[in-house]
Amino acid sequence: MARPTGISPMNKLERALRVPPGSRIKLANIDPANTHGVLKAEAAERLTKNLERLSELQYRLYAESRRALLVVLQGIDAGGKDGTVRHVMSGLNPQGVSVTSFKVPEGAEKRHDYLWRVHQAVPEWGQIGIFNRSHYEDVLVVRVHNLVPKAVWSKRYRQINDFERMLSENGVVILKFLLYISKEEQAERFRLRLEDKTRTWKFSPADPKERVYWDQYIEAYEEALRKCATRWAPWYVIPANKKWFRNLAVSQVIVDALERMNLKYPKPAAELSAVKIK
Ligand code: AMP
Ligand code: MG
């Protein structure tokens, strides 16, 4: 089929999901069940292709070892962060990936600035790093529950932008995903956690309590999107009610970003024609 623009439909998907810097996204205007015209029947095949490509690109990133990819996963409870790690990162070579889950700060984390633990978890060159929650908790849960005064958290948007800019200028490619589900979908997932013996371990008594703060979380997310969607560290809002679409969309954005990096194999360490294997 002719594509006069030269832009593939999947590339369009990446653009449709990306938050333009400075824009005032109203999450209420985004349908968490939207699948952007992708049919479930075609999604599985596309995901398989993306995962194969992801594996090839990871190999190049690892070979080049001069830059890193940082994938930030955020979302309200039961938004699908763990599932995304499981389904989208499954094809990667474990030698080249690290996953860091950020919990309530404790020990040394509490005795440092909030970015200290985050900086330490940034992937090294050649690696893909996944953040399951991130420094954004410091303008989300911290803001919603007044864990520090407004005067403190309100400065963090700028600090986060500066931090991410520094990382980006030094070779860390950053992609930030908000996995966006509806309040009804969250209720469904909590119910499932209560009913299914293989999932009860995931249920936290705090979950239904946090749900009461839904609107405040939405507001906090909207401000983070507005203030921290930057050229150097874009935010993507992923409609995540449908897991198959969520997995496809996240894999697509990651593949596109790695393609844009134009990863190169390093030059061989020696003049190969002169090497004799005896
Ligand atoms: P889970 O992801 O379900 O294992 O839960 C981790 C919990 O840690 C969530 O309730 C987060 O809101 C909380 N958390 C993560 N980072 C922070 C932070 N910087 N300050 C306070 N709570 C946090
Ligand atoms: Mg939880």
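Biologist: Which residues of helix α3 (residues 81–88) are buried?

Modeller: Before that, some ground rules: this is a predicted model, where local features need pLDDT of at least 70 and side-chain atom pairs count only at pLDDT 80 or more, while totals for chains, interfaces and linings use all residues. Residues are numbered from 1 along each chain as its sequence is written, chains are lettered from A and ligands numbered from 1 in the order in which they are written, and side-chain values use heavy atoms, leaving out hydrogens and water. Helices (H or I, at least four residues) and strands (E, at least two) are DSSP runs numbered from the N terminus, and buried means under 20% relative accessible area with a 1.4 Å probe, protein chains only (exposed is over 50%, partly exposed in between). On that basis, the buried residues in α3 are Lys81, Gly83, Thr84, Val85 and Val88.

Biologist: What do the buried residues of α3 pack against?

Modeller: Here contact means heavy atoms within 4.5 Å. The partners include both helices and strands: α2 (40–64), β1 (68–75), β2 (97–101), β3 (128–132), β4 (172–180) and α11.

Biologist: How many residues of α11 are buried?

Modeller: Geometry first: helix α11 covers residues 243–260, and its 18 residues should span 26 Å at 1.5 Å a residue, the rule being 1.5 Å times one less than the number of residues. Its end C-alpha atoms are 26 Å apart, so that agrees. Just after α11, Asn262 takes a positive phi of about 50°. As for cover, α11 is mostly hidden, and the buried count is 14 of its 18 residues.

Biologist: Which helices are included in what covers the buried residues of α8?

Modeller: Helix α8 (residues 183–195) should span 18 Å, and its end C-alpha atoms are 19 Å apart, which agrees. Its buried residues are Glu185, Gln186, Ala187, Arg189, Phe190 and Arg193. The cover over them includes α9 (206–211), α10 (214–228) and α11.

Biologist: Is Lys176 buried or exposed?

Modeller: Lys176 sits in strand β4. Leaving aside neighbours within four places in sequence, Lys176 touches Val72, Tyr136, Glu164, Cys228, Ala233, Pro234, Trp235 and Tyr236. Its relative accessibility is 0%, so Lys176 counts as buried.

Biologist: And overall, what radius of gyration does the protein have?

Modeller: The value is taken over C-alpha atoms, and the globule rule is 2.2 Å times the number of residues to the power 0.38. With 278 residues, a compact globule would come out near 19 Å, which agrees with the protein's 20 Å.
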